[in-house]
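Here are my notes on this model. Keep the structure open as you read, and find each residue as it comes up.

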Amino acid sequence: MQMSHPQLALAMISFLLTGGVMFIIARRNLRQAYPLFFSYLGINAVAVLLLTVLYKFAIGQYFYAYWTTSTLLMMVGFTVQYEVFVDILKPFSAVIDLGKMLFFWAAGFLLLAGFMTALVTSGTHVSKIVVAVDLCDRCVHLMQCGLMLLMVVFEKRLNLSWRSSGMGVALGLGLIAAMDLIVSYAQGRYPAQTQSLAMLNTFAFLGVLVFWALRLTARESGPAKAADAPARLIIQRWNDALISYRHGEMGLSAIGVSSFLPGVEQTVDRVMARKVVQ
C-alpha cells in the first residue's frame, strides 16, 4: 500500500513542527516545568516517523505499531493534564491536593472501564484490547476538553492568565481532543470519507503545533495577585475552605468530639434521672 504525496508531506511537516516546539521548550528552559509535555511531544514525533515508515514499507506491522503508540500517547496525555493543572493552580496547594485525588480516581475509573469493556467485548484478544484502548482514549479526550472549557469559561473567576505557558498547553490539548472526537464521530457516520477526515485531523494538529510554537516563544505573564483583585477570587475561597477543612474542621478530636461527647453524656444523665424520679 502506497502513501499519497499529500499524506507524506503532512507527516513530514508534523514531524518537523513537533521537533521545532520541542526545541523551543528546551531553549526557553521550560523542560523542567513541563517534562511530561516534552515527553508527549517526543513520543508524537517518534510515532509519526515510525508509522510513516511502516505504512510505506511494512504495512503488516502498522496496525500493532499504531495501537501501541496510541495507547502510550493516551497514557502520557492523561498525565500531561495533571501536570498543566498543577502548574496553573500552583499558588493554591489545597486545590491541587483535591485535584490529585480526583485525577487518581479518574485513572482508576479509566482502568476499570477499559477492563470491563474488554471483558464484555466479543472477538479476539487483539480486538478486545483495541476497543478498550479506544474507549479510554475517548474518555481522556473528554477530560481534556473539560479542562479546556474550565480554563476558557472561568478564566477571570480563577484568576488565570492567557499569556501563561500552562494555559497555552491546556488549550492546545483541548483543541486536539475536540477535533479528534469530532473526526471519530464523523468517520463512524461517513466511512467513505475516512481518509479525508483523517487529513482534516492532521491539519488541526498542525495548527495546534503552530499555536504552541507561537505561545511558547511569546512573553509570559502570570495571573494577578489575589490580594490585588477587586473581589475575592472564587479559587481563593475554595483554597481557603479546603485548608480550613483539612486543618480545622477535620480536627474533630480537638473541636467537634470534645464538645459533642459531653453533650451526649449530659443528655443521657437527664434521661436516666427522669426514669429514677418516675
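1. In which helix does N201 lie? The answer is α7. Bear in mind throughout that this is a predicted model.

2. Next, is N201 buried or exposed? N201 has a relative accessible area of 18%. Buried means under 20%, so N201 counts as buried.

3. Look at what surrounds N201. Setting aside residues up to four places away in sequence, N201 touches M179, D180 and V183. With D180 there is also a polar contact, made side chain to side chain at 3.1 Å.

4. Now step back to the whole protein chain. It has nine helices and zero strands. The chain holds 278 residues, and 37% of them are buried.

5. Check how the chain folds back on itself. Take the contacts between residues at least 6 apart in sequence. Of these, 72% join residues at least 24 apart.

6. Turn to the open space. The largest pocket has a volume of about 1500 Å³. It is lined by 40 residues, and those closest to its centre are L51, Y66, D180, N201 and T202. The pair from point 3, N201 and D180, is among them.

7. Which helices supply at least two residues each to the lining of the largest pocket? They are α1 (5–27), α2 (35–57), α3 (62–88), α5 (125–153), α6 (165–189) and α7 (194–217). The largest share comes from α3, with nine residues.

8. What kinds of residue make up this lining? The lining of the largest pocket divides into 21 nonpolar, 15 polar and four charged residues.

9. Compare that with the packing inside. The largest nonpolar core has 42 residues. V21, I25, F37, Y40, L41, V80 and W212 have the most contacts inside it. Two or more core residues come from each of α1, α2, α3, α4 (93–120), α5, α6 and α7. Here too the largest share, eight residues, comes from α3.

Key. Residues are numbered from 1 along each chain as its sequence is written. This is a predicted model: local features need pLDDT of at least 70, side-chain atom pairs count only at pLDDT 80 or more; totals for chains, interfaces and linings use all residues. Side-chain values use heavy atoms; hydrogens and water are left out. On a 1 Å grid over the protein atoms alone, a cavity is a set of points where a 1.4 Å probe fits but cannot get out, and a pocket is an open set with protein on both sides within 12 Å along at least five of seven lines; lining residues have an atom within 4 Å of a point. Grid points are joined across faces, edges and corners, and a volume is the space filled by probe spheres set on the points. Helices (H or I, at least four residues) and strands (E, at least two) are DSSP runs, numbered from the N terminus. Ala, Val, Leu, Ile, Met, Phe, Trp, Tyr, Cys and Pro count as nonpolar, Asp, Glu, Lys and Arg as charged, and the others, Gly among them, as polar. Buried means under 20% relative accessible area, exposed over 50%, partly exposed in between (1.4 Å probe, protein chains only). A polar contact is a pair of N or O atoms within 3.5 Å; within protein, one must be able to donate a hydrogen and the other to accept it, and residues adjacent in sequence count only if both atoms are side-chain atoms. Contact means heavy atoms within 4.5 Å. A nonpolar core is a set of buried Ala, Val, Leu, Ile, Met, Phe, Trp, Tyr and Cys residues joined through side-chain atoms within 4.5 Å.
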